[in-house]
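Work through the exercises below with the model open. Each task is followed by its solution.

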Amino acid sequence: MRHEHAVQLRWSDPDSLGHVNHARALSLIEDARLAMVDVSGGGGAILARLEVDYLRQLYYRLGERPVVTSWVTRLGTKSVIVRQELVQDGRVAIRADVVLVMFDFATDASRPLTEDERAHWSGYLDEG
């Protein structure tokens with residue numbers, strides 16, 4: 001299953017070149033990722049790696065809500081890799097690969113996924 005999340009562009013997102021600033025675009029990807037995280041178990045995933053491809057310009061348009069589609073491409077022992085694509089005008093504008101590592105804040109160290117976390121993330125697994 002893939003997770004879809006409509007994001008809200010803001011009037012302040014474009015830069016002096018007229019397209020959405022690259023840093024602002026990362027916030028949109030983050031919003032979608034946070035919407036798919038299961039926080040019922042208390043959370044505990046940290047962002048360990050973020051690789052982003054800006055494939056085309058993203059524009060602010062009043063009332064438009066582009067969609068970010070997210071899915072898991074790899075489920076490891078201690079980490080999850082999530083692919084995210086932000087689409088505007090029917091084309092992928094931004095593609096991101098994100099590595100989330102399960103983390104124990106009390107010991108300040110990575111930890112294995114719990115059974116509940118594995119079940120949650122497995123629901124988004126699409127190795128396609």
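**Exercise 1.** In this predicted model, find which residues of the largest nonpolar core touch the most other members.

*Solution.* Start with the membership: the core has 24 residues. Leu58, Val80, Val82, Leu86, Ile94 and Trp121 come out on top. Next, trace the suppliers. Helix 1, strand 3, strand 4 and strand 5 each supply at least two residues of this core. Strand 5 gives the most, with six. The background: in soluble globular proteins, nonpolar side chains tend to be buried together.

**Exercise 2.** List what Val80 touches, leaving out residues up to four places away in sequence.

*Solution.* Apply the contact cut-off, heavy atoms within 4.5 Å.

**Exercise 3.** Determine where the buried residues of helix 1 lie around its axis.

*Solution.* Take the helix, residues 22-36. Its span is 22 Å from first C-alpha to last, close to the expected 21 Å. Pick out the buried residues: Ala25, Leu28, Ile29, Ala32, Arg33 and Met36. Look down the axis of helix 1: these buried residues fall within an arc of 135°, so they line one face. Finally, find their partners. They pack against strands 1, 2, 3, 4 and 5, and against helix 2.

**Exercise 4.** Check the radius of gyration of the protein chain against the value for a compact globule.

*Solution.* Count 128 residues. A compact globule of that length would have a radius near 14 Å. The protein chain has 16 Å, which agrees.

Notes: Residues numbered from 1 in each chain as written. Predicted model: local features only at pLDDT ≥ 70, side-chain atom pairs only at ≥ 80, totals over all residues. Heavy atoms only, no water. Helix = DSSP H or I, 4+ residues; strand = E, 2+ residues; numbered from the N terminus. Expected span 1.5 Å × (residues − 1). Buried < 20%, exposed > 50% of the residue type's maximum accessible area, 1.4 Å probe, protein only. Arc of directions from axis to C-beta. Core = buried A, V, L, I, M, F, W, Y, C linked by side-chain atoms within 4.5 Å. Rg over C-alpha atoms; globule rule 2.2 N^0.38 Å.
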